[in-house]
Amino acid sequence: MDVVWSRYKFAIIAAAVLLVAALSSLVIVPETQQAVVVRTGEPVRVINRFRPDVPFGDTGAGISARIPFLERVQYVDRRVLDLDMERQQVLSSDQQRLQVDAYARFRIIDPVAMVRNAGTEENLRTQLSPILTSVLRQELGRRSFASLLTPERGNAMSNIRTQLDRQARQYGAQVIDVRIKRADLPDGTPLQAAFTRMETDREQEAASIRAGGQRDAQIIRATAEANAASTYADAYGKDPDFYDFYRAMQSYRRTFEMGEGESNIILSPDNDYLRQFRNGNQ
Amino acid sequence: MAGKRSPWGGTPEGDGTPSGGEPSSGEGPRSEDPTPPPRGPRNPWLPGGGEGGTGGADRPRRPASIEDIFRNRGPEGPRRRSGGPGGPGGPGFRMPRRANGGSWVPIIVGGVVAALVLATSIHQVGPKEQGIVSTFGKYSHTLNPGLNMTLPWPLQNVEVTDVTSIQSEQMPDGNAEQLILTGDQNLVDLSYLIRWNIKDLKLFRYQLAEPQETLREVAEAAMRASVAEQTFDSVVSGAGRATVEERVRTRMQQILDAYRSGIAVQGVDIGRTEPPERVVEAFKDVSAAQQDADAEINRAEAYSQQLLARAQGDATEFNKIYEEYRQAPEVTRRRLYYETMESVLGKTNKTIVESNGVTPYLPLPEVNRRNPQPPRQPAPAARTQPGDQ
């Protein structure tokens, strides 16, 4: 080894220097990044700029050259980025409060403008975030609470998207989509009120179900009684006179035989039952 | 090896250039050490280096340093047994020389490099996977399942990802309550599962900064929009569930396609749909009310069945007797009369009173009190009475 070293010292050093020089004059741009080449503070060109119709592999990603030391490379994300809005309370046109959670998706289509006007993606986000908030409030404030819940708010969303996009273009960003993740009732009174309404709704439902049950039961009983009555009428109607007699007999048995307590019967000799006593005697 | 101390020795205060560092010292001992004869000069180009390790000279010779190091810590330390004077190291491993006397080092190094090259240029892609090949960061092509060759590592990089397996996202994470507003401004506590897979790996890798996060946000937006189209009852009862699931799926797919995310939403499964914790009692009361109502109706049914059965029984009984009665009306009538009287009077206390005489005053309590003693007495009296007439 040492032989090699002492013999090829200069060659090795030269090779190392060359390697460093080569590496510093090459830029590797991954498919997910765009690279802005900044020469003495001034962006001069963009490697792998986003163009929607160019398929991956032909976009300019990969190895590129730069002038070492003179040109600096700043990477800018090429993918769809997200801008998350903090939860906001929005007042609808009918003065209802709504807790809104929204997000926007954007992509940097002009990295030079981005580097010039915002600097970094993080900066861009902090610039866009208040814009999104204020646009959202404006737009939703024009709509009634109920319409915010319906899919009709898609219209509001596209308005918001357009307005935010207009602002974002200054920073070289294109807003792809703005969406409300969630629209909730704010904690506290509105939520309580909603809960109370739901509760009373259900109480009313429970009461009406119970009453309905009572009613149905009553109808069932009444129908049964009517049916029974008609059954009786059918049978007994054939001979009311006999029925009277037959039923009286049954009634006597039930009253005297099975009735509670002692019964005393005082019979007059004129009684029909005792008739034979007399007749037989005569 | 140009330093006073070996770079392994900890303090690299040597005069050496950095290139003389570890790689060469790694090879050095292997190539140089076995070469000198046991008693001869250790170092081929610094002759006269007698004592190895602790050479106290002001200018320690390199072999001495190496020896020193190997005695203490070198993995090949025991090898000195053959080269140096009587090293007690133990059973050593001695690298055999190659036939032509050359060193093994280039071969080993070459082998390692070749292995690395092979390892990074042959890629096994499993049946469910795809790989993305990028040349210096630039998308080159997509690998399909099977054994694939690419250029070795620094040139081409391969990322293999499971594509066809269906992954799932639980929304929300854990069992937290997730209240969603329905169209009639009620709140429903709902949880669901998104099943998805990658339909275009290239897009999935390169289009979205945070595909998974995006998926979750899109899912949330789509779910809330879809639930807001339904009434509370249809969501909770499950009637509108299939509609919601389908709408969420199409909505999500639309949005994700608009983002060119390369994600395919396979399905949305709504798990829990419950009223919010706070009002759950009221909801339970509704189902209790339903039970109560059902119970009430059941009781009425039971009663009505009893009543009808009774009526049928009575009617049939009457009909049977009436049949008989029609055969012989008078006889049947009398029979019934007597039977009834017999059975009734047989079990009661009877008093027969001559109506003309005794009627005006009837001390019923007296009769009652007297009853136990002469229960049967009145009968003969009665018998005498008709006789009078």
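This is a predicted model: local features need pLDDT of at least 70, side-chain atom pairs count only at pLDDT 80 or more; totals for chains, interfaces and linings use all residues.
View 1. Over all chains, the whole structure holds 42 salt bridges.

**View 2. B:Glu217 meets A:Arg105.** The two side chains form a salt bridge, with 2.1 Å from N to O. How many salt bridges does the rule find across the interface of chain B and chain A? The count there is ten. Polar contacts between chain B and chain A number 21 residue pairs, both residues of each pair being at pLDDT 80 or more.

View 3. Which element gives the largest share of the side of chain B that touches chain A? Helix H9 of chain B, residues 280–327, does, with 28 residues. By class, that side of chain B has 48 nonpolar residues, 24 polar residues and 30 charged residues. In total, 102 residues of chain B are in contact with 95 residues of chain A. Interface size is often expressed as the accessible area lost when the parts come together. Here the buried area between chain B and chain A is about 9,300 Å². Carbon and sulfur atoms give 61% of that area.

**View 4. An open sheet in chain A.** Three strands of chain A line up in the order S3-S2-S5, with antiparallel pairing. The edge strands are S3 (42–47) and S5 (71–77) of chain A, each pairing on one side only. From one strand to the next, the twist averages 30°. Strand S2 of chain A, residues 33–39, pairs with S3(A) over five bridges in the antiparallel sense. A:Arg39 has A:Glu42 in S3(A) as its bridge partner.

**View 5. An open sheet in chain B.** In chain B, three strands form an open antiparallel sheet in the order S3-S2-S5. Its edge strands are S3 (138–143) and S5 (156–162) of chain B, and each pairs on one side only. The twist from one strand to the next averages 25°. Strand S2 of chain B, residues 129–135, and S5(B) are joined by seven bridges in the antiparallel sense. B:Ile132 stands opposite B:Glu159 in S5(B).

**View 6. Backbone geometry in two loops.** Most residues other than glycine have a negative phi, and most peptide bonds are trans. Where does A:Gln95 lie? A:Gln95 is in the loop between strand S7 (88–91) and strand S8 (97–108) of chain A. A:Gln95 has a positive phi of about 60°, although it is not a glycine. In chain B, the peptide bond from B:Met171 to B:Pro172 is cis, with omega near -10°. B:Pro172 lies in the loop between strand S6 (167–171) and strand S7 (179–181) of chain B.

Note on methods. Residues are numbered from 1 along each chain as its sequence is written. Chains are lettered from A and ligands numbered from 1 in the order in which they are written. Side-chain values use heavy atoms; hydrogens and water are left out. Contact means heavy atoms within 4.5 Å. Buried area is the accessible area (1.4 Å probe) that two parts lose on being put together, summed over both. A salt bridge is a side-chain nitrogen of Lys or Arg within 4 Å of a carboxyl oxygen of Asp or Glu. A polar contact is a pair of N or O atoms within 3.5 Å; within protein, one must be able to donate a hydrogen and the other to accept it, and residues adjacent in sequence count only if both atoms are side-chain atoms. Helices (H or I, at least four residues) and strands (E, at least two) are DSSP runs, numbered from the N terminus. Ala, Val, Leu, Ile, Met, Phe, Trp, Tyr, Cys and Pro count as nonpolar, Asp, Glu, Lys and Arg as charged, and the others, Gly among them, as polar. Two strands pair if DSSP finds at least two bridges between them. Axes are lines fitted to C-alpha atoms, for helices over the stretch in contact, and angles run from 0 to 180 degrees between N-to-C directions.
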